[in-house]
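Trainee: Could we go through this structure together, one question at a time?
Mentor: Gladly! Have a look at it first.

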2 protein chains.
Amino acid sequence: MMTRPTLKDVARRASVSVSTVSYALNDDSHVHLAPETRARVRRIAKELGYTPNAMARSLRTRSSRTAGVVLTKPLTNLRYAAIVQGIANGLATSGLRMTVLPDATAGVLEDCRNGMIDGLIFVGHDDAVPPPALVEAAAVGVAPLVTIDCGGRAADAPHSAVDFDYAHGAREMITHLAGRDIRTILHVRPEVSSRAERDRQATLMRALGHADGVTMRVVSTGMSDEDLARTDAEDGAIARGYLASTLRSITDALLGVDDPDTTAVLCSWGADVETSLRAVSHVAPGTVVAALAGSWPRTEIWPDLVYSRLPLEEAGRRAAALLSSELAPDREHLSIVLPPALDTRLPETPPGRTPA
Amino acid sequence: MMTRPTLKDVARRASVSVSTVSYALNDDSHVHLAPETRARVRRIAKELGYTPNAMARSLRTRSSRTAGVVLTKPLTNLRYAAIVQGIANGLATSGLRMTVLPDATAGVLEDCRNGMIDGLIFVGHDDAVPPPALVEAAAVGVAPLVTIDCGGRAADAPHSAVDFDYAHGAREMITHLAGRDIRTILHVRPEVSSRAERDRQATLMRALGHADGVTMRVVSTGMSDEDLARTDAEDGAIARGYLASTLRSITDALLGVDDPDTTAVLCSWGADVETSLRAVSHVAPGTVVAALAGSWPRTEIWPDLVYSRLPLEEAGRRAAALLSSELAPDREHLSIVLPPALDTRLPETPPGRTPA
C-alpha cells in the first residue's frame, strides 16, 4: 500500500498543530485563523498531495463498523419506523451496526472523529436539511454522509442522497382519480409551510391543470408549524382536539358536495386518513379516500382507499447501501430518486377513459 | 484507585483457565464443571475478595456510553417502535447512546467485552427470553442486562426486568365489558402457542368466571407460529389472504349472534382491530370492538373502540433507567411490573351496575 500524506505530515511541514491544519483546510470552520496561516497550510497540503480522503482513511482504520442514523422525528410515526427498519436491514447486510442519534450535536462528530461512528445517515422531512456541520464533516472525510428525503441533492454536495419523487406521486394520483370519474376533490391539508408542503401543493395544481373538469376544494386541518413541533416533541401524540375538529371539517365538506359518487377526499398527510375514513363511513359510504402518503389503514380492508405510497423501507435500504459505498476507498457521491407507487385494490383505469 | 482482584487472579491461584472461573462463578452456566472444581474456584474467589463488579468496573473504564438494544422484531410493528422510542428517550436523559442490534449473536458480547457496548436491553415478546449467553454475561458483569416483556424475572436472575401485568389488563377489560351490559364476547385470537398467548387465554377464562352471564365464543384468525415467523421476517407485512379470511370469519361470527347490541368483538392482537372495525361497520354498526393490546385506530375517532393499552413507551423509559442503575457501581437488580390502562372514550361504569 502506498503511504499517503497525513494531517500530521502537513502539520509538521507547516510547523503548526494538527488541529490548525484541520481548521485551515475546512472552509466552514468557525475557528478564527490568520488568513496567511490558512493560505500557507493549504499551499503545503497541496504540495504534499494531501487530500481529505487520506485523513478519512486513516481514521477509518479505527473503524467500529457502526453507522449513525440521525433521526429527529419519533419512531412511533410509522413513516420513520419504516425508514429506520429499512436502514437496519440494509446495514445488517453490509455488516454494519446501527446507532440511532436523536440529533447531530457536537458529540456526534466527536464520535466520528474518534472512530466510534464510521458514517452518518440523516433522515430528513418537511423542511429538514442536514446541519451544515454534518456537510462540512462529510466534505473533509470525517463522516461520510447519506441524506434521505432532504429535498434533493446539489450537484457538488459532498454526500450521497435518497429522495422521493413526490411530483410523480401527485400526478399519478390525479390521473387515477380522474380515470375513476372523480369530479370534485376535497383536499385535506395542514397549514404547515414546509418545503415538502409547498412542493406538494404546486405539483397538485399542475396535475389538476391537465385533468379537465376536475375541481379541488381545500379542507384545512388547521395543523400549524407550531402544532407539528409540539406533536413531534410528544412522540407523535396528536392532540384530541385536532382529531375532533378535523373530523368535523371533513364531515361538513362531505355534506356540502352535490354528488358524493364523483367526490374523493384527498389527504396530504397519512395522519388524516383514519379521520377521513370515519367521516366517509358515517355520511358518505363509498366515497373514495385517497392520500399522497401511506398510512396504516390497509387497502385490502378498505376497498375505497387509495394511496400514493412512498417506498420508505426501500429508501432506508438504498441509503444503507450508499453509505457502504461512501465508506469504500473509491467512494463517489450518488443520488437516487424513488417514485411512490399507487396502492389500490381497484384495477387501474387508463386516463381519459370512463370505467365500465 | 485500589486494585481489585480480577478473574485472572482467581484463575492463576486456582490453576484453571479464566473461562473456568467465569463458568464456576456463574450459577446459570450451562457448561458442565465438576462440583469440586466449582466449589474450589468459588472458595478461592471469596478468599481473594473477588466480586463480578470489579471486572465490570474495570471494563467500564473503557466505557463507550452506549447501550445495545436487542430487538428481533420489526420496528414497523408499532408495538416495538413505541418501546424503542421509549428506550431512546430514557437513554438520552442518561447521556447514553442507543445501538439497535438485530440479534444477540457472539459479536454482541465481544463488543461488550471490548467496551464498545456498556450494557444491553433485551426486548422480548411471545415466547422470547434472553439467550443464556446474555444472562451469563450479565452474571459475570461483562454486560449488564435489562429485559422487557420476557414473562417475569426469577428472584436470583442477574439482571433487571420490566414486565407487563397482562392479567390485570384482561380482568379490567372483562369488568368493563360486563359493566357495559355485554353478554356475548367474540374472542378474535390467533393459533399461536406462545407463553404470552397461553397466559392471556388463562387469565381471560378466570376473569369470565367472575362475570356472571357473559359468554365467550372463539373466532380463530388461523395465524400460526409459522405464519408469525414469516410475517416478522417480512418486516411485519401481513399476507393479503390473512386479512380477507379474518374479515370473513369476524363478519360470519357477527351475523351469527342473536343480539348485536350486547355483543363485543375482543381481539387478542392489536393487528386484528382494523379488520374488526371494518366488519362491524359493515354488518353490525355500534358493536363494541375491544382489544387486549393497543393498535393504531384511535378511540377518539372510533367511539365504540376500547383498548387495554400497554404502557410501551414507559416500559422503554423505565428499562433505560434500570440500565443506568445496572451500570452504576452499587448496582442492584430490580423488577418493575407495569399495568395496562383502559383506553376508551366512554365513561367507566362501575362493575355490576347497568349503564343509565
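Mentor: Helices here are DSSP runs of at least four residues and strands are runs of at least two, both numbered from the N terminus. Keep in mind that this is a predicted model.

Trainee: How many helices and strands does chain A have?
Mentor: With those run lengths as the rule, the elements can be counted along the chain. For chain A the count comes to 13 helices and 12 strands.

Trainee: Through what do the copies meet?
Mentor: Compare the interface residues of the two chains: 100% of those in chain B are also interface residues in chain A. Therefore the copies meet through the same surface.

Trainee: Which strands are the edge strands of the open sheet?
Mentor: The sheet has 12 strands with mixed pairing, in the order S11(A)-S5(A)-S4(A)-S3(A)-S1(A)-S2(A)-S2(B)-S1(B)-S3(B)-S4(B)-S5(B)-S11(B). An edge strand pairs on one side only. The edge strands are S11 (335-338) of chain A and S11 (335-338) of chain B.

Trainee: Which residue stands opposite Ile121(B) in S4(B)?
Mentor: Strand S3 (residues 119-123) of chain B runs parallel to strand S4 (residues 145-148) of chain B, and four bridges join them. Opposite Ile121(B) stands Val146(B).

Trainee: Is Ser15(A) buried or exposed?
Mentor: Ser15(A) sits in the loop between helix H1 (7-14) and helix H2 (18-25) of chain A, and its phi is positive, near 55°. Ser15(A) has 9, so Ser15(A) is exposed.

Trainee: And is Asp149(A) buried or exposed?
Mentor: Asp149(A) also has a positive phi, near 60°, and lies in the loop between strand S4 (145-148) and strand S5 (160-164) of chain A. The cut-off for buried is 20 or more other C-beta atoms within 10 Å. Asp149(A) has 25, so Asp149(A) is buried.

Note on methods:
Residues numbered from 1 in each chain as written. Chains lettered and ligands numbered in written order. Predicted model: local features only at pLDDT ≥ 70, side-chain atom pairs only at ≥ 80, totals over all residues. Contact = placed C-beta atoms within 7 Å. Buried ≥ 20, exposed ≤ 12 C-beta atoms within 10 Å, placed from the backbone. Pairing = 2+ DSSP bridges.
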